[in-house]
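Please read the following report with the sequence and the structure open beside you.

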Amino acid sequence: MAWLLVEGGTVITMGSPRRIIKEGALLIDGDRIKAVGKAAELKASYPGADVLDAREKLILPGLIDTHIHLGQMLARGLADDIDGKLVRWSWDRVYPWEARLSEEDIYASARLCCLEMIRTGTTTFADPGGRYMDAVAKAVKESGLRGIIAVASMDQSPDEWPLPEGLAPTTTQQALEESSGLMDRWHGAASDRIRVWASLRVEPNISEELINGLGKLAAERGVGVQIHASVSQARAEWVKKKTGYTPLAYYDHLGVLGHNWLATHLGWITEEEVSLMAGRQVKACHVPGAALHGANGAVTVGKFPELLCAGVCLSLGTDSSAANNSLDMFQAMYLAATVHKEARLDGTLITPEQALEMATTNSAQALLWESQIGSLEQGKKADLLIVRIDRSNWVPVYDFSLVPTLVYSGEGADVQTVIVDGKIVMQDGMIKTLPEEKVLKESQRRAERLVASLPYKIEPRWRFE
């Protein structure tokens, strides 16, 4: 296989120690990075390599989204601007819609999600699951992206948090078998681009037996567990009333919490839970876009600066298009680096450099994948972006402001070329792995059909003529 030399750009390696190489290059050999250094030196050392010109551009690791729902893409706009602190969002709006999804709908949704991730520079993701996850896996395999999928396990439907018809919970044993079966079919598939974890959906719909069972399954399989934890005040209070513990303390009480657990949202955790996460090496995912969109309290009440200070691995996600509307990780970095400054009246909180780490190295660690992705270093997987910095939202840029400008001014539209596992999945804005126009049209058609079948109707605020 021919070598590929990505050369001439400014390389943000995200290695340790942090290095930024001007007029740099990296050499790709198959799916791996063979060398990183100055362009002139690598060109001289490997004269036979194919060349991908990145002059006057930025080369950085592919962004890693540690919380995204591929199966909810067709729900964009269905749960905007509603009250209820996730009660109406989930049980009144999203669950009735989700109950109507067919396997073909999920496949279309996942392909649309992959398109948006590629376009905005996300090369790896973690999906906590939904329905028909084999269809999601099929779409991911076709897209060329790298990701973690799961079954969103649920085994109970209490009267105060009932699931709609068509989304009924399975038995505990069935839920465990579904997760185990998905692991059998897809873990390590597509040259290890696809991995399968365990996942617990929401506390009201999961039993103690299921929590223990999935924790044991994940430990036996050497994979992680994804949880939506302390998403809202109502959810956290429900757990405390039901169990006598705050959410993370409850999982710890059961003896399952550990380094392979990834907890997302975390808007209502306590100081004691911050220390608990640090002590147990639990990974955290911040989804600031969803928190702001849903008024969930993660910024005004949440303790994300404290999590960083405590040494917790804090990663970054976008959540679903139903919760955040945008899957742009550049926007997520911007929010992570700004909203806490305003909320605390402290302009030093979460620097742009920390936000970029949250989207790369921290996210790779959160997904237990740090030995292979998250930075541009010899021997790691060739997952990288070429980003235009000759656009009006970048100029002028200086050495001292390169990373701040990336985080404060960059956007997914700046991404020109995306490489995953050594293969070019988008070049000069042209996606090579998925039929973009066909995916967009199919997604619109299916979304309109689903909306027409819903038991509720959403009226526009302004009149259409």
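In this predicted model, the largest cavity has a volume of about 90 Å³. Its lining is made up of 14 residues, and those closest to the centre of the cavity are Gly 71, Gln 72, Gly 129, Gly 130 and Arg 131. Sorted by class, the lining of this largest cavity holds five nonpolar, five polar and four charged residues.

How many cavities of 30 Å³ or more are there? The lining of the second largest cavity divides into four nonpolar, five polar and two charged residues. The table sets out the two cavities side by side.

| Cavity | Volume | Lining by class |
|---|---|---|
| Largest cavity | about 90 Å³ | five nonpolar, five polar, four charged residues |

Eight strands form an open sheet with parallel pairing, and their order is S6-S7-S8-S9-S10-S11-S12-S13. At its edges stand strand S6 (63–65) and strand S13 (314–316), each of which pairs on one side only. On average, neighbouring strands of this sheet are turned by 30° against each other, if direction is ignored.

Two pairs of strands can be followed in detail. Strand S7 and strand S8 pair in the parallel sense over three bridges, and within this pair Phe 125 stands opposite Gly 147 of S8. Strand S11 (residues 261–265) and strand S12 (residues 283–286) likewise pair in the parallel sense over three bridges, and here Ala 263 has Ala 284 in S12 as its bridge partner.

Are the residues of S8 buried or exposed? Strand S8 is mostly covered, with five of its five residues buried. Arg 146, Ile 148 and Ala 150 point one way from S8, whereas Gly 147 and Ile 149 point the other way, and all of them are buried.

Which helix lies across S8? Helix H4 (residues 133–143) lies across strand S7 (122–126), strand S8 (146–150) and strand S9 (194–200), and H4 runs at about 175° to S8.

How values were computed. Residues are numbered from 1 along each chain as its sequence is written. This is a predicted model: local features need pLDDT of at least 70, side-chain atom pairs count only at pLDDT 80 or more; totals for chains, interfaces and linings use all residues. Side-chain values use heavy atoms; hydrogens and water are left out. On a 1 Å grid over the protein atoms alone, a cavity is a set of points where a 1.4 Å probe fits but cannot get out, and a pocket is an open set with protein on both sides within 12 Å along at least five of seven lines; lining residues have an atom within 4 Å of a point. Grid points are joined across faces, edges and corners, and a volume is the space filled by probe spheres set on the points. Ala, Val, Leu, Ile, Met, Phe, Trp, Tyr, Cys and Pro count as nonpolar, Asp, Glu, Lys and Arg as charged, and the others, Gly among them, as polar. Two strands pair if DSSP finds at least two bridges between them. Helices (H or I, at least four residues) and strands (E, at least two) are DSSP runs, numbered from the N terminus. Axes are lines fitted to C-alpha atoms, for helices over the stretch in contact, and angles run from 0 to 180 degrees between N-to-C directions. Contact means heavy atoms within 4.5 Å. Buried means under 20% relative accessible area, exposed over 50%, partly exposed in between (1.4 Å probe, protein chains only).
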